[in-house]
Amino acid sequence: MGSKYPRSMRGCLPLWTLILEAALIVIFFFFANYDSSSQDPKKIVVTHGAILQDVMVMAALGMGFLTSSLWRYGWSSVAFNLFMLALGVQWAVLLDGFLEHPPSWKVVIKLSRIQQATMSAMSVLISAGAILGKANLAQLVLMVLMEVTAFSAMRMISRQFLVADNHVSMMYIHVFAAYFGLTVAWCLSRPLPKEAEEKEQRTTSPSLFAMLGTLFLWMFWPSFNSALLTIPHERKNGVFNTYYALAVSAVTAISLSALTHPQGKISMTHIHNAVLAGGVAVGASCHLIPSPWLAMVLGLVAGLISIGGAKCLPVCFNRVLGIHDTCGVHYTFGLPGLLGGIAYIGLMVHKISWSKNTMLGFQVLFDTGVLSLSMAMGLASGLITGLILNLKIWKAPHVAKYFDDQAFWEFPHLAVGF
Amino acid sequence: MGSKYPRSMRGCLPLWTLILEAALIVIFFFFANYDSSSQDPKKIVVTHGAILQDVMVMAALGMGFLTSSLWRYGWSSVAFNLFMLALGVQWAVLLDGFLEHPPSWKVVIKLSRIQQATMSAMSVLISAGAILGKANLAQLVLMVLMEVTAFSAMRMISRQFLVADNHVSMMYIHVFAAYFGLTVAWCLSRPLPKEAEEKEQRTTSPSLFAMLGTLFLWMFWPSFNSALLTIPHERKNGVFNTYYALAVSAVTAISLSALTHPQGKISMTHIHNAVLAGGVAVGASCHLIPSPWLAMVLGLVAGLISIGGAKCLPVCFNRVLGIHDTCGVHYTFGLPGLLGGIAYIGLMVHKISWSKNTMLGFQVLFDTGVLSLSMAMGLASGLITGLILNLKIWKAPHVAKYFDDQAFWEFPHLAVGF
Amino acid sequence: MGSKYPRSMRGCLPLWTLILEAALIVIFFFFANYDSSSQDPKKIVVTHGAILQDVMVMAALGMGFLTSSLWRYGWSSVAFNLFMLALGVQWAVLLDGFLEHPPSWKVVIKLSRIQQATMSAMSVLISAGAILGKANLAQLVLMVLMEVTAFSAMRMISRQFLVADNHVSMMYIHVFAAYFGLTVAWCLSRPLPKEAEEKEQRTTSPSLFAMLGTLFLWMFWPSFNSALLTIPHERKNGVFNTYYALAVSAVTAISLSALTHPQGKISMTHIHNAVLAGGVAVGASCHLIPSPWLAMVLGLVAGLISIGGAKCLPVCFNRVLGIHDTCGVHYTFGLPGLLGGIAYIGLMVHKISWSKNTMLGFQVLFDTGVLSLSMAMGLASGLITGLILNLKIWKAPHVAKYFDDQAFWEFPHLAVGF
């Protein structure tokens, strides 16, 4: 069984990744060196180290286990997530250095750069949720390279031409990654056979793992949203607002999930996704929101949109377009991210009408531009990546092998997947 | 199956929680705003942020998974825990501000306030352990409101009238919450049918999750105990003493569990509960204990009491009173908490006899008062809450549906709970 | 069933551990007191506290769950790990104080000391991986005492007579612990019956727990490697290099695992072990490596060695010598640790040839001495411990009961292990 597919993996994947890894080492050899300024006070090292670690926990544990609820696909979810993260971070550090302004050929590695690279690499982990179980590891490697490049380019453009700051351009990661992932999923879409759909059903046992991932993301989200805020006052507000938005979206999501079920039962899948919507929605504007009730309203609306999306999108949107969004990336990250972008623009408009400053008018225009850019870049680069991934050379898994750990993993004890 | 009960959930729960959320947002709108003093040094933000996160991990992950060992009830344990936490924190922040001295109508939200609110909300998570599986989510929502109010009132009284400091009044959370939970469980008690008892049996598979919860609590307990200590020297001692007490109680609990079993086997349930007893027992006095051996002795005695309680209480105490304590809250938090209170009073007495200061005599009287108050408030408010929860309007789950995830959760794949 | 063995546990273990715990309390009473210098700035408390917590998470969660992938042995892995950690830390704190230079009879307990004690106690957790499932708790208690003593003695000798600094002497923990564990496993080795081998097979369900342990170790490894580096500049480099080495070894391990399987499938066991090899290999030299590409090469080679070891060692080495290395400690910690030691010496040689300083020649000689010493001490003390553990008085589990939770744990629901 499965004799054709794995051979290809053996020939293709290790060769491809080891060459890539060697190339990365060579690039690092020529272009990267450590920040030799030793005047950094110890405090900075500790602070940045703590935030880096929080982001790391979210990326490796949170994103990994969040998507682990597929039946017979938990191993791949978690391990492929680690693989993509480890690869993406290396590539993102380099790109981040090359694309900075003024451009330089020497990448100086600092803690803050690794932290941003980890956040950039999370875009791949988000997008991967949409195509999980339908692509092999070699395809995912290509996606890592393409997406990190596109995301870094998007950030560079929005910082240099649209005057967006570091924080805001990073916070559109959710919109970018969700639409990137959806477009790739659309390109890869093939009618799922009956068994694949059944296999995709979630079981309860891995769901507690998924809950673990959700909780890790939920707990560390305030760190993520405030990671790039440098003014203490703004960072504090960022933490507060994220905290409130998350609390309200958790309560809203659980209640609404019961409301939308004909018998008042709660759906675990809804919880995994909608609980985080508040944090996504408040991302871009978390440092600007002046009082908690606004963050709470955003959390409430985000929870509403997310549960609404989870109910309607698979039926209306996805079926019409033929997109199969494995882990519900669209309503977990896409829609709340859009809401967050709109909220950010609204807050800027409010600020203008209050200060009568016409210069701010341009700012709003630029802000709208950043949101549109991140969505457009996500769709465009997703389309290109999807088309490349569709080539025969990647030997994508056969539809009958979708969502199946057995295609990739050695099971010591018979061939029982679960 | 289960057609009657869920309908009621659908009608009752979402309406009830969404109105509540809306009310909270309105209250925040009128009464809460952010701390606008921007002179906070960055260091404070980082320090407080780190402690807040530790407490958060304990509340969301630790308490959630600690109680996840019920067969067929793991989903509810973890998700309801998150729900209660998210709701409780919002309410506790408001109360904490309203009840402070001097009373004010404007709640200023600070990191330290959110941290204390998270700790206050943990009282609900502890109490919920006693009635888990026997109440629906609407009942738990009411319990959150009642218990957080009672606990905040208790802390306010003990600080203002009994000269207790912030730290000590918080550390009696275990005693308060345990007796609150037990009284509610007593009010809700109904003879369990044979199947419900069987369903309550723990399985091994979720138990590793419960072990995960235990470990998270165990690791972060020093942060919890030292969170409200502001003098560096006291905080350091708090961390040390908690660390030692936990280490000794872990060793003691595992050994004693083997000793009390006729065949020398260790019980996983004992481990989950008794391992933490040391941290609870050392809570109130952790900053006063002058040398490690005392903390170790406290840890030893706490482990002993906790295992003894786990062996005797369900047979003697609970059966006579008709209390059904689902997760053993009484011997995990109640008894070690009492021991901790007595140890604290003992240390104060010792201090007096050593310093010959008669003013301290009053202090001891007050300290005894705080301990009695927290226990009395727990019992009284628990009784009121229990009586209200017993009303028909809550449509509590039928005894046959106790400890059953299926009553609350949608299972995509057939209706298999496990 | 199993009526003979458990009786012995009941008689032996609790008596033995409670006496030990009492003895420890008495020793602490006479010889230990807290650091009463209150001039420690708050910053230090916070910094050291954060690192202590990271190391704690690695020890309790990471090491505990890493070894939890044995079928029917998950409970024992995690709980015995906690037990050994709690006991080991108490003993290590005392030894660390007694063996310091100048020798003193008063152990002053500081945060940095507890942190080092936790790291020393990890040596036992590593070694235990080799004999897991083949020894009872009483035997493990003895191993804790023996190994922590030997490791502290080794560190004391290498610091005083071989001029090794605190960081380097700690980083040889992997080599020491791996060879200690292997020697003990060799002493305890008995031909495994057919069923025991089958029982040793790993199942998928616990493997996600093992993945959790791996991820926790992976994420916090930079903290571990930089914990004892006091110069901010060196610590930063330590974090960077460990981060890169881990990222590359993760990518390498997953790719190579597919390459070495005849059908290109990835083995979960390889992932659990080899992913960490980079962190181990870079340990001793992480503060000296001047640029990222070197750390990446080390990570690549470590991943290669580790996967190679996992493929060859069980067949060639272990079968010939009759060692049964339950969790692959040899290729997870032993071989990458040796590579790290050689890399460290190589870097020192490079430094000399560059600076033409003849004094450094002695330094290299000493460094080689430290590596040899840690390996020799590991083998010698492992042999002594193994011989003592082989005595009849410990009533070791019968071969038929190897890898079986049932021998140690009470199962409430029938006697189903899994």
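Chain A contains 16 helices and four strands, where helices (H or I, at least four residues) and strands (E, at least two) are DSSP runs numbered from the N terminus. The model is predicted, with local features needing pLDDT of at least 70 and side-chain atom pairs counting only at pLDDT 80 or more, while totals for chains, interfaces and linings use all residues. Residues are numbered from 1 along each chain as its sequence is written, chains are lettered from A and ligands numbered from 1 in the order in which they are written, and side-chain values use heavy atoms, with hydrogens and water left out.

**Chain A as a whole**

- Of the 418 residues of chain A, 66% are buried; buried means under 20% relative accessible area, exposed over 50%, and partly exposed in between (1.4 Å probe, protein chains only).
- Contact means heavy atoms within 4.5 Å. Among the contacts in chain A between residues at least 6 apart in sequence, 83% join residues at least 24 apart.

**Helix 10 of chain C**

- Helix 10 of chain C covers residues 232-260, and its 29 residues should span 42 Å at 1.5 Å a residue; the expected span is 1.5 Å times one less than the number of residues.
- Because 24 of its 29 residues are buried, helix 10 of chain C is largely enclosed by the rest of the structure.

**Chains B and C**

- The copies use different surfaces, since 7% of the contact residues of chain B recur in chain C.
- In this interface, 57 residues of chain B are in contact with 67 residues of chain C.
- The area buried between chain B and chain C is about 5600 Å², and carbon and sulfur atoms give 75% of it; buried area is the accessible area (1.4 Å probe) that two parts lose on being put together, summed over both.
- B:Leu208, B:Phe240 and B:Tyr243 supply 12% of the area that chain B buries against chain C, more than any other three residues.
- Between chain B and chain C the count of salt bridges is zero; a salt bridge is a side-chain nitrogen of Lys or Arg within 4 Å of a carboxyl oxygen of Asp or Glu.

**Salt bridges**

- A search of the whole structure finds three salt bridges over all chains.
- In chain A, the side chains of A:Arg113 and A:Asp96 meet in a salt bridge (3.6 Å, N to O).
- A:Arg113 belongs to helix 4 (residues 111-131) of chain A and A:Asp96 to helix 3 of chain A, so this pair ties together parts that are 17 residues apart in sequence.
- A:Arg113 and A:Asp96 are buried.
- In chain B, B:Asp96 and B:Arg113 form a salt bridge through their side chains (3.6 Å, N to O), and both residues are buried.
- In chain C, C:Arg113 forms a salt bridge with C:Asp96, with the closest N and O atoms 3.6 Å apart; both C:Arg113 and C:Asp96 are buried.

**Aromatic pairs**

- Rings of Phe, Tyr and Trp (its six-membered ring) pair if their centres lie within 6.5 Å; planes under 30 degrees apart count as stacked, over 60 as edge-to-face and the rest as tilted.
- The count comes to 54 aromatic pairs over all chains.
- The rings of A:Phe80 and A:Trp409 have centres 6.3 Å apart and planes at 20°, so this pair is stacked.
- The pair links distant parts of the chain, with A:Phe80 in helix 3 (residues 74-98) of chain A and A:Trp409 in strand 4 (residues 409-410) of chain A, 329 residues apart.
- A:Phe80 is buried at 0% relative accessibility, and A:Trp409 is buried with a relative accessible area of 1%.
- The rings of C:Phe151 and C:Phe176 have centres 5.2 Å apart and planes at 50°, so this pair is tilted.
- Ring pairs also link A:Phe65, A:Phe209, B:Phe65, B:Phe209, C:Phe65 and C:Phe209 into a cluster.
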